[in-house]
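Please read the sequence and the structure shown here side by side.

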Amino acid sequence: MATDTSPNFQAVIPTTEFHTELSLPTPDHDGLEFWQYMVAGSIAGSVEHMAMFPVDTLKTRMQALTTTTTTTSCLLHPFRLRQSLSSILKLEGPSSLYRGISAMALGAGPAHAVYFSVYEFCKQAFSSSFTTNNYSSLLHAASGVCATVTSDAVFTPMDVVKQRLQLKSSPYKGVVDCVRRVALEEGVAAFFKSYRTTVVMNAPFTAVHFAAYEATKKGLVEVSPESADDRRWVVHATAGGAAGALAAVVTTPLDVVKTQLQCQGVCGCDRFSSNSIGHVIQTVIRKDGYRGLMRGYVPRMLFHAPAAAICWSTYEASKSFFHKLN
């Protein structure tokens, strides 16, 4: 296996025919140029987040609040999904579910371009160290962790802006106003207060996600190779959905911590004396018990399952397009 880590991956994949018995389950449309991975990832990330944004808004509101929050500007039940959704639709209308989507548009494309290109780069770079089927899942998990650490640095600032705009009666007029006021009132560091938590959350999320995705995809092909061709979008959507749901549930407590840190002091949300993960967890448990750490797990799972299916199928379709173009 080639060990050259230059951005051009064309020489790494020696064949265009997919075999399920290969040591690494690499589909025939791998081996693209570095920029093509970035474009495919950018398209996939944008489509995924735009399609599922209303569910993300619901999750953010449920996670940002505690049962002791009584301000009328943030009236929402942090545990009941149906009640929370009904409250938003009745008091604010459907358009409120899309508040902050412009911040998502600005952050999702670049972040996912970095995410998928680094993933593919690391997958090729690490392949010489993982040469058997027993380590193929570890290869994808390690590549996924590297990808998320890099992409989170790009996405976290816009995620802070997005979540603050998603809150009911948010004091910010829009993306520019939010960026300006946060920078002036709290400093530029405020955009990265949750970066450590985001990485700690997304590293295991991504590891579980990529490993489960590749394993599920390979399993579907092996079980029914005649109807589950690796190039069919159904395989990618099914594998991506299963992987997204599993990873979302496992990492929900850390997502609650991340949301609390990013929304602290806004719209009646708690402000913390320390940005440490342990301090936030203790505060949540003290106010809401251990179930407080699972706030929003249902909308989070409902977000990531279809979002991952959309993202992976779009990503693989984009890669197939570039493969045919090449």
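This is a predicted model: local features need pLDDT of at least 70, side-chain atom pairs count only at pLDDT 80 or more; totals for chains, interfaces and linings use all residues.

Residues are numbered from 1 along each chain as its sequence is written, and side-chain values use heavy atoms, with hydrogens and water left out.

Start with helix H4, residues 101–126. Helices here are DSSP runs of H or I with at least four residues, numbered from the N terminus. H4 has 26 residues and spans 36 Å from its first C-alpha to its last, close to the expected 38 Å; the expected span is 1.5 Å times one less than the number of residues. At alanine 108, H4 bends by about 25 degrees, and proline 110 follows within four residues. The bend is the angle between axes fitted to the seven residues ending at a residue and the seven starting there.

Aromatic rings come next. Rings of Phe, Tyr and Trp (its six-membered ring) pair if their centres lie within 6.5 Å; planes under 30 degrees apart count as stacked, over 60 as edge-to-face and the rest as tilted. The whole structure holds five such pairs. Phenylalanine 34 and phenylalanine 121 are an edge-to-face pair, because their ring centres are 6.3 Å apart and their planes stand at 85 degrees. This pair links distant parts of the chain, since phenylalanine 34 belongs to helix H1 (residues 34–51) and phenylalanine 121 to H4, 87 residues apart. Phenylalanine 34 is partly exposed, at 23% relative accessible area, and phenylalanine 121 is partly exposed at 24%. Tyrosine 115 and phenylalanine 116 also pair edge-to-face, at 5.2 Å between centres and 75 degrees between planes. Both tyrosine 115 and phenylalanine 116 are buried (buried is under 20% relative accessible area, exposed over 50%, partly exposed in between, with a 1.4 Å probe and protein chains only). Trp35, Phe321 and Phe322 form one aromatic cluster.

What space lies in the largest cavity? It amounts to about 580 Å³, where a volume is the space filled by probe spheres set on grid points joined across faces, edges and corners. A cavity is a set of points, on a 1 Å grid over the protein atoms alone, where a 1.4 Å probe fits but cannot get out; lining residues have an atom within 4 Å of a point. The lining of the largest cavity has 35 residues, and His49, His112, Asn202, Phe205 and His304 lie nearest its centre. Helix H5 (136–166) gives the largest share of that lining, eight residues.

Notes
Helices (H or I, at least four residues) and strands (E, at least two) are DSSP runs, numbered from the N terminus. On a 1 Å grid over the protein atoms alone, a cavity is a set of points where a 1.4 Å probe fits but cannot get out, and a pocket is an open set with protein on both sides within 12 Å along at least five of seven lines; lining residues have an atom within 4 Å of a point.
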